[in-house]
Amino acid sequence: SPRRTRQCIRDTVVQRHRRPTTSSSQDIIVETSSSHRSFRASSMQPRPRLPLPSLFTLLALALPSASPLHVFTCRHTYESTLAEELANAGVPAAAVTTVCPAVVSVSGELPALDPTYALQWLPCAAEVQGASVRLLADAAVAACGDALLGEAPRGALAVHALVPDLLKGGRTPRLLRRCEAIADRALERLRVRHRSARPLAAGEALPGDAPRLLLQLLLLSPERLLVSLSPCEQGRGLGTWPNWHAPAGLASVDVPKSTHMPSSAYRKLSEAFDCLQQWPAPADRVVDLGACPGGWTATLRRLGCSVIAVDRSPLDAQLAHDPRVTFVGGDAFAYEPPWAGEEGRGVRTWMVSDVIAYPARAVELVRRWGSRRWASRMVVTMKFQAGVDWAALDEAGSVAESLGYDFRSKHFFNNKNEVTLLLQLRE
């Protein structure tokens with residue numbers, strides 16, 4: 001009976017509640033394991049008379065797992081690199097599993113980590129199962145609970161629909177429409193109960209320091225869904241973690257085909273700006289080191305910036321004739337900006353670099369520009385010859401921190417055997 005189904009669900013115990021009806025039966029299975037929680041709902045036609053949402057409220061009583069499940073997404077083919085990074089951070093190898101291409105899970109407690117090779121993080125994920133969009137959405141809502149959602153302001157909740165195929169770069173990711181339908185239904189239900197799920201009024205914006213919540217729904221198969229509800233940490237100008245803005249950590253970086261872009265490298269810089277949620281303004285001073293052929297310079301010009309482009313090789317002809325592009329032929333590592341030595345230097349200045357060089361040279365670049373305060377913000381690509389140079393990556397972070405910069409490194413979807421260093425001068 002419904003009364004019997006309201007009893008508390010004990011951890012590590014599987015209980016089956018069957019409610020007979022005159023024309024059908026309804027089973028609800030709730031499982032909790034040592035690695036993560038699992039909720040499963042299945043139905044037979046015709047549908048039972050009692051509305052399923054009222055039954056699914058019992059799932060919210062499930063006790064938290066003693067061993068939480070954390071899920072990271074990454075660019076496909078980089079799962080082993082992410083696992084290596086987690087091992088370097090002290091995560092036991094036995095706790096790390098490649099769930100499917102581009103998805104890596106960690107069972108058990110996890111220290112505060114923002115892995116370079118993780119595009120997105122789904123903290124404390126619960127698995128729900130159901131045979132339909134309605135069942136999966138209702139189970140996902142029940143898994144969220146009320147504690148976090150009830151305290152946040154209006155507009156604080158973002159909902160991301162995810163599928164593994166998103167991380168492969170396909171134009172029509174498998175199962176995405178189904179996952180979006182689940183997310184739409186779940187959000188509709190949450191808006192009835194929580195103001196944090198309701199949209200802001202037209203023209204209204206969420207304050208920059210306002211708390212942000214992220215509900216992520218990762219559909220692994222038509223009937224298996226991972227659900228993660230978590231706050232997002234604001235990274236002092238270096239973006240949020242988990243990424244509140246971009247589902248799976250994937251920025252929208254494509255430009256119209258009619259737009260002249262000298263190379264596809266522009267996507268990396270666009271991803272960096274989207275991650276930071278900061279873009280150079282037209283009045284900012286901007287230097288592009290290693291600019292040839294001009295993919296990054298073209299990105300900056302689309303933002304309305306005047307750009308100093310430095311490289312030994314010539315710039316794309318169209319950019320070379322742009323009156324707001326100043327080309328300087330020479331060594332990017334020896335270049336000094338026009339404002340070197342000025343009082344108040346480094347204010348509203350950007351240095352971006354996609355120079356092809358050894359990792360140690362990227363560290364040298366960060367040290368040179370950071371010690372002289374020539375830039376308040378930097379976006380620098382560190383390129384590798386073979387495997388990841390973890391020592392150089394750690395050194396870059398240590399140098400940045402010692403010079404008064406906040407530091408973050410990310411392997412974006414459009415990065416290959418390289419990572420992007422993000423720096424911002426502390427106020």
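A residue is called buried when its relative accessible area is under 20%, exposed when over 50%, and partly exposed in between (1.4 Å probe, protein chains only). Lys410 is buried by this rule, with a relative accessible area of 3%. The model is predicted: local features need pLDDT of at least 70, side-chain atom pairs count only at pLDDT 80 or more, and totals for chains, interfaces and linings use all residues. Residues are numbered from 1 along each chain as its sequence is written, and side-chain values use heavy atoms, with hydrogens and water left out.

Helices (H or I, at least four residues) and strands (E, at least two) are DSSP runs, numbered from the N terminus. Seven strands form an open sheet. Their order is E16-E15-E14-E17-E18-E20-E19, and the pairing is mixed. Strands pair if DSSP finds at least two bridges between them. Strand E16 (325-329) and E19 are the edge strands, each pairing on one side only. From one strand to the next, the twist averages 15°. Strand E15 (residues 307-311) and E16 run parallel and are joined by five bridges. Here Ala309 stands opposite Phe327 in E16.

Helix H10 lies across several strands: strand E14 (285-289), strand E17 (349-353), E18, E19 and E20. H10 runs at about 165° to E18. Axes are lines fitted to C-alpha atoms, for helices over the stretch in contact, and angles run from 0 to 180 degrees between N-to-C directions.

Helix H11 (residues 390-402) has 13 residues. From its first C-alpha to its last, H11 reaches 18 Å, close to the 18 Å expected at 1.5 Å a residue. The expected span is 1.5 Å times one less than the number of residues. The buried residues of H11 are Trp390, Ala392, Leu393, Ala396, Gly397, Val399 and Ala400. An α-helix has 3.6 residues a turn, so residues three or four places apart point the same way. The buried residues of H11 pack against helix H3 (79-88), helix H10 (359-371), strand E18 (377-383), strand E19 (405-410) and strand E20 (418-425). Gly404 follows H11 and has a positive phi, near 90°.

Leu300 is found in helix H8 (residues 295-302). Leu300 is buried, with a relative accessible area of 0%. Contact means heavy atoms within 4.5 Å. Leaving aside neighbours within four places in sequence, Leu300 is in contact with Leu269, Phe273, Pro280, Val286, Asp288, Cys305, Val307 and Val352. Leu300 and Val286 are 14 residues apart in sequence, and their C-alpha atoms are 8.3 Å apart in space.

Side chains of opposite charge can pair when their charged atoms come close. A salt bridge is a side-chain nitrogen of Lys or Arg within 4 Å of a carboxyl oxygen of Asp or Glu. The whole structure holds 20 salt bridges. One of them joins Asp114 to Lys410, with the closest N and O atoms 2.8 Å apart. Asp114 lies in the loop between strand E6 (103-107) and strand E7 (120-122) and Lys410 in strand E19, so the pair ties together parts that are 296 residues apart in sequence. Asp114 is partly exposed, at 30%.

Asp146 forms a salt bridge with Arg193, the closest N and O atoms being 2.7 Å apart. Asp146 lies in the loop between helix H4 (133-144) and helix H5 (147-151), and Arg193 in helix H6 (residues 176-193), so parts 47 residues apart in sequence are tied together. Asp146 is partly exposed at 42%, and Arg193 is partly exposed at 39%.
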